[in-house]
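Biologist: Could you walk me through this one? I'd like to start with the overall picture and then look at details.

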Amino acid sequence: DVLPSPEGPVPAVSITEIRQYLRAQGIPFHDGYSCLHTPSLFTGGREDPPPPAAASGPYTLFIDKMTGSFLCTATLAEGTWQDFQANVELRHRGVPPAGSEEPEESTRRAREDARCIWDRALPLWELLDEDETNKTKAMFGISLVTDATLKRFGVRYLRTAKSLVFPWFSPRDATLKGLKLLRVEKKGDAIAYVEETLPRFDSYHNLFGLPLIGRRDAELVLTGWELDALALHQATGVASLALPRGSTCLPPALLPYLEQFKRITLWLGEDLRSWEAAKLFARKLSLKRCSLVRPGDLQPRPLEALNQGLNLTKILRAALPASHKSIVSFRQLREEVFGELANTEQVAGVKWARFPELNKLLKGHRRGELTVFTGPTGSGKTTFISEYALDLCMQGVCTLWGSFEINNVRLAKIMLTQFAAQRLEDQLELYDEWADRFEDLPLYFMTFHGQQNIKTVIDTMQHAVYMYDITHVVVDNLQFMMGQEHLSVDR
């Protein structure tokens, strides 16, 4: 995915400007946690006058406070802040606003494929016999999840692929918009879960369980996995949703659907990476309404907690508020310090799979640290770092590349070759298969080339961190980024 190019960067808009504009246009709004709520321009008949100062009816249009992009949850119309202003202008001239466009061809195809799979999949409680049902449930570790829970969430099973099927229904009209397939792979004694989505990951904005949320629900638990949402709801009765990519990222497009909740508890997983991600997401969701479940022996992920017979309600009650005051005592830090001592391996960061020697030197990739690689021209810095970054990216570390020296097409070619671990020039028939798998990585490129103004680059990075939860940025190389005019200033 390519971020907005420097020729036409996304014009930054501040929350103050958004509020001033809405007031000037007489559009009523109220302040939410991460969005402003206004009446929708897209609902109602064509003859509607411009929205009056005190509009009746629900406020179904949400404007993101960070980026200004909007989403109308009633019609699913969405766009940038500039699109919103254009629609308001059209409204004043009596032109009906453009609704949500027809989905792109690829999205439409993905939905048709999803529909075919969905029709072939069987409800998990209606397999041939009890024995097959029990074996299937045991394979996914959900023997304790009841048929009623599976039925409520609409989970199905696809025999041919030995996969669980989780639906994505439109919150507006309950049509099927996509699916996630989950299968189990045995690697020796360990088991790994493999996920696949239709449509592809970057346009898969599902919050699994959303259609079951009632208008009056004010408390929510956000999990990182569909099976965790099932376990949580069954054990506690609390509204629970699963993020589409687990603890990898929380796409801003989902924030409007989370605005109604006064309290959100993040229980993403059982390792320190999930804990770091939960702290990051809480900032996006507004700290004052978020609580976090700290990973630990007695607080594993929800499904594991259910299987171990732990009291999930008690764990939720013990969740820590996300907003820390500016001054804390050691008593408040005590658990965190214990966590760091007990999980020294995880604290050291994400290990490289391909570079065991590097793990000895750097221990792993940690957030908030800067590593500088130096070497003469042509010594292989770019080749090495693309492999070094790819290694982390394949483990779910969201990565942003800023290559000022070689262009993105060449860089992507190098990385794809490293990813496939073979020369694709000689086997072009394999290209699509590898490109599809490569496309699912949480990898983004900045479109700068040659010398750049540092402020523009930093702004782009900040935008990427908000939009895609980037935790690893690669800049290649500093000399190019700095250009000549900076050499006189303090480096």
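Biologist: What share of the residues in the protein chain is buried?

Modeller: Of the 491 residues in the protein chain, 44% are buried. Buried means under 20% relative accessible area, exposed means over 50%, and partly exposed is in between, with a 1.4 Å probe and protein chains only. Keep in mind that this is a predicted model, where local features need pLDDT of at least 70, side-chain atom pairs count only at pLDDT 80 or more, and totals for chains, interfaces and linings use all residues. Residues are numbered from 1 along each chain as its sequence is written, and side-chain values use heavy atoms, with hydrogens and water left out.

Biologist: How many helices and strands does the chain have?

Modeller: The protein chain has 17 helices and 18 strands. Both are DSSP runs numbered from the N terminus: helices are H or I with at least four residues, strands are E with at least two.

Biologist: Take α7. Which of its residues are buried?

Modeller: L272, S274, W275, A277, A278, L280, F281, A282, K284 and L285. Helix α7 covers residues 272-285 and reaches 20 Å from its first C-alpha to its last, close to the 20 Å expected. The expected span is 1.5 Å times one less than the number of residues.

Biologist: Which rings do the charged ends of K284 and R294 sit over?

Modeller: K284 has its charged end over the ring of Y466, 5.1 Å from the centre. For R294, the ring is that of W275, at 4.7 Å from the centre. The test is NZ of Lys or CZ of Arg within 6 Å of the ring centre and within 35 degrees of the ring normal.

Biologist: Switching to ring pairs. How many aromatic pairs are there in the whole structure?

Modeller: A search finds 18. Rings of Phe, Tyr and Trp (its six-membered ring) pair if their centres lie within 6.5 Å; planes under 30 degrees apart count as stacked, over 60 as edge-to-face and the rest as tilted.

Biologist: Why is the pair of W81 and F84 called stacked?

Modeller: The planes of W81 and F84 are at 15°, with the ring centres 5.3 Å apart, so the pair is stacked. Both residues lie in helix α2 (residues 81-92), 3 residues apart, about one turn of the helix. W81 and F84 are both buried.

Biologist: What about F373 and Y388, how do they pair?

Modeller: They are edge-to-face, 5.3 Å centre to centre with 80° between the planes. F373 is in the loop between α12 (356-362) and α13 (381-393), and Y388 is in helix α13, 15 residues apart. F373 is partly exposed at 29% relative accessible area, while Y388 counts as buried at 5%.

Biologist: Now the strands. What is the order in the open sheet of 3 strands?

Modeller: The order is β17-β16-β18, with parallel pairing. The edge strands, β17 (443-445) and β18 (472-476), each pair on one side only. Two strands pair if DSSP finds at least two bridges between them. Strand β16 (residues 399-403) is joined to β18 by 5 bridges, and T399 has H472 as its bridge partner in β18.

Biologist: And which way do the side chains of β2 point?

Modeller: From strand β2 (residues 35-38), C35 and H37 point one way and L36 and T38 the other, and all are buried.
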